[in-house]
Amino acid sequence: MKFSGFRVFAEALKGHTGWRPLWRNPDPKPSYDYLIVGGGGHGLATAYYLAKTFGRSRIAVLEKGWLGSGNVGRNTTIIRSNYLLAGNEPFYEFSMKLWEGLEQELNFNAMVSQRGIINLFHTDAQRDAFRRRGNAMMLAGAGARLLGREELRAMVPFLNYDNARFPIKGGLMQARAGTARHDGVAWGYARGADSHGVDLIQNCEVTGFRLDRGKVRGVETSRGYIAADKVGVAVAGSSSRVMAMAGMRLPIESHVLQAFVTEGLKPTIPGVITFGAGHFYISQSDKGGLVFGGDIDGYNSYAQRGNLPVVEDVVEGGMALMPMIGRARLLRMWGGVVDMSMDGSPIIDRTQIEGLYLNGGWCYGGFKATPASGYAFAHLLATGASHETARAYRIERFARGHVVDERGAGAQPNLH
Amino acid sequence: MLITHPLLGLRDAQEFTYLGDARLIDRPAPSAPDAEAAFCDYVFLRDNPAGVHRELWYHEHGDRSWLVVTRDTVTHEVLGAELARNVALARTRCSK
């Protein structure tokens with residue numbers, strides 16, 4: 001079933017009776033060539049590229065709940081490639097390029113909107129650091145623009161430019177960044193994977209791995225044993241729990257990250273604005289809600305809900321930056337459990353167990369990486385080698401000392 | 001969250017900063033033959049359980065003591081707290 005304007009028109013004449021579910025709901029088969037554990041954005045994207053781009057078959061995605069029930073539906077929908085380090089920037093730029101072609105690729109409206117992101121700076125030292133980051137972005141082809149105070153004021157006049165502690169001196173802009181409809185991304189990849197023959201198996205929790213002499217043979221699930229020689233785990237938030245079933249300890253702590261949305265308002269915020277110094281960032285959804293967030297709560301948590309001190313901290317940051325939002329009423333707030341890794345960067349790698357692969361450690365930034373993460377993980381599963389943009393994400397980087405620490409915070413996950 | 005400080009009673013978690021797993025008390029012996037691998041595990045790897053977790057909190061805006069707090073990471077319920085010094089002494093980490 002292909003989506004098109006003509007199809008919508010034709011269905012309108014038939015009372016919309018011709019639409020069908022976007023994917024099958026199959027029962028698990030006894031064995032597959034490839035099992036992807038985790039039916040979120042990354043797992044579905046992995047299955048899609050594995051089937052479509054790498055031409056593999058006999059693939060299943062195992063999801064504990066329903067497709068897209070984890071962080072792919074809990075993030076604040078921002079896509080960007082504005083990183084500094086050589087290990088990160090090409091990967092996120094690869095992701096950005098995949099975002100730009102995603103809707104045509106999937107024939108699905110993921111509402112990718114390149115409305116731009118602006119990172120604000122407040123001191124000369126920060127301006128220098130952002131100029132350097134902008135140069136790194138331009139070297140990777142991501143594009144960047146350093147905005148002065150007046151140029152910025154013309155674009156976003158509603159900010160408080162004369163805050164006593166953090167007066168705004170300008171911003172680093174990536175015009176190609178923006179937002180995407182997060183659930184739509186999961187559904188688009190799910191539909192694409194299903195149409196290429198991938199079995200998407202929901203309500204199927206992995207409860208153990210069957211290992212034999214250092215090789216993976218299959219997984220035990222709540223719906224019975226499923227055999228496969230290659231198992232890819234993409235369950236960020238719960239990576240430690242799942243990999244512990246294979247006897248592995250990971251360089252990861254699980255933390256809770258909160259997000260917020262107000263009632264719908266008229267269009268006011270043109271793109272994404274980040275106020276790192278005040279632990280606050282914001283954008284406006286197409287429906288009109290102000291979508292914003294800030295820091296993680298900062299302690300180990302699997303609760304999918306946070307505590308009030310961080311709510312206060314985020315809202316204080318928002319009021320300091322744009323006092324006009326003080327009258328907006330909060331519609332919803334929620335939390336998601338994220339893999340906070342020891343250097344703030346993800347892991348896409350094989351493990352010591354032959355046939356068992358890990359994709360995790362996405363910290364609070366996994367959504368923007370969804371296409372490249374899926375592509376790189378599919379590349380690894382299909383070829384056995386890291387994708388050229390994901391070579392810095394090997395797990396042994398910690399032992400070798402080659403960490404990819406964008407923040408420079410060291411092995412302290414709640415500081416990344 | 002309220003943390004049951006063994007000396008000060010119930011204190012708001014906002015007064016504390018969080019370090020992580022209480023196993024960080026067990027620093028490996030630097031002169032052991034496998035020290036490099038042991039330190040790599042010590043610095044980078046965590047159990048990260050869903051459920052009861054023993055973890056180090058520092059009472060920065062209080063009496064500046066280090067606590068070992070036992071907390072459920074699924075419900076955020078604080079199950080108990082003890083002075084990290086006492087925990088370390090009980091493991092004969094400190095000689096004094």
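Analyst: Happy to! Helices (at least four residues) and strands (at least two) are DSSP runs, numbered from the N terminus. Keep in mind that this is a predicted model.

User: Great. What pattern does chain B follow along the sequence?

Analyst: Reading along the sequence, you get β-β-β-α-β-β-β-α for chain B. That gives 2 helices and 6 strands.

User: And what size of box do its C-alpha atoms fill?

Analyst: Along the principal axes, the C-alpha atoms of chain B fill a box of roughly 45 × 35 × 20 Å. Chain B has 96 residues, and buried ones make up 21% of them. If you take contacts in chain B between residues at least 6 apart in sequence, 49% join residues at least 24 apart.

User: Let's switch to chain A. Where is helix H3, and how many residues does it have?

Analyst: H3 of chain A covers residues 89-106, which is 18 residues. From first C-alpha to last it reaches 25 Å, close to the expected 26 Å.

User: Where is the kink in H3(A) centred?

Analyst: On A:Glu100, and the kink is about 45 degrees.

User: Which residues of H3(A) are buried?

Analyst: Quite a list, including A:Phe91, A:Tyr92, A:Phe94, A:Met96, A:Leu98 and A:Trp99. The buried residues of H3(A) pack against strand E3 (78-79) and helices H4 (124-139), H6 (182-195) and H9 (370-383), again in chain A.

User: What follows H3(A)?

Analyst: A:Asn107 does, and its phi is positive, near 50 degrees.

User: You mentioned H9. How do H3(A) and H9(A) cross?

Analyst: Their axes come within 7 Å and cross at roughly 105 degrees. H3(A) and H9(A) are therefore roughly perpendicular to each other. On the H3(A) side the contact is made by A:Phe91, A:Phe94, A:Ser95, A:Leu98, A:Trp99 and A:Leu102, and on the H9(A) side by A:Pro371, A:Ala372 and A:Tyr375.

User: How many residues of H9(A) are buried?

Analyst: 12 of its 14 residues are, so H9(A) is largely enclosed by the rest of the structure. Among them are A:Thr370, A:Gly374, A:Tyr375, A:Phe377 and A:His379.

User: What span should H9(A) have at 1.5 Å a residue?

Analyst: Its 14 residues should span 20 Å, and the end C-alpha atoms of H9(A) are 20 Å apart, which agrees. H9(A) is followed by A:Gly384, whose phi is positive, near 80 degrees.

User: What about H2(A) and H9(A): at what angle do they cross?

Analyst: H2(A) is made of residues 41-52, and its axis crosses that of H9(A) at roughly 55 degrees, coming within 7 Å. The two helices, H2(A) and H9(A), are therefore oblique to each other.

User: Is that crossing left-handed or right-handed?

Analyst: The crossing of H2(A) and H9(A) is right-handed. Residues that meet there include A:Gly41, A:Ala45, A:Tyr48 and A:Tyr49 in H2(A), and A:Ser373, A:Phe377, A:Ala378 and A:Leu381 in H9(A).

User: Last one! Is A:Lys266 buried or exposed?

Analyst: A:Lys266 is exposed, with 6 other C-beta atoms within 10 Å. You'll find A:Lys266 in the loop between strand E13 (252-264) and strand E14 (272-275) of chain A.

User: How many Å separate the C-alpha atoms of A:Lys266 and A:Thr370?

Analyst: They are separated by 30 Å, and the two residues are 104 residues apart along the chain. A:Thr370 is one of the buried residues in H9(A).

Terms used. Residues are numbered from 1 along each chain as its sequence is written. Chains are lettered from A and ligands numbered from 1 in the order in which they are written. This is a predicted model: local features need pLDDT of at least 70, side-chain atom pairs count only at pLDDT 80 or more; totals for chains, interfaces and linings use all residues. The expected span of a helix is 1.5 Å times one less than its number of residues. The bend at a residue is the angle between axes fitted to the seven residues ending there and the seven starting there. A residue is buried if 20 or more other C-beta atoms lie within 10 Å of its own, exposed if 12 or fewer, and partly exposed in between; C-beta atoms are placed from the backbone. Two residues are in contact if their C-beta atoms, placed from the backbone, lie within 7 Å. Axes are lines fitted to C-alpha atoms, for helices over the stretch in contact, and angles run from 0 to 180 degrees between N-to-C directions. Angles under 35 degrees count as roughly parallel, over 145 as roughly antiparallel, 65 to 115 as roughly perpendicular and the rest as oblique. A crossing is left-handed if the near helix is turned anticlockwise from the far one by less than a right angle, and right-handed if clockwise.
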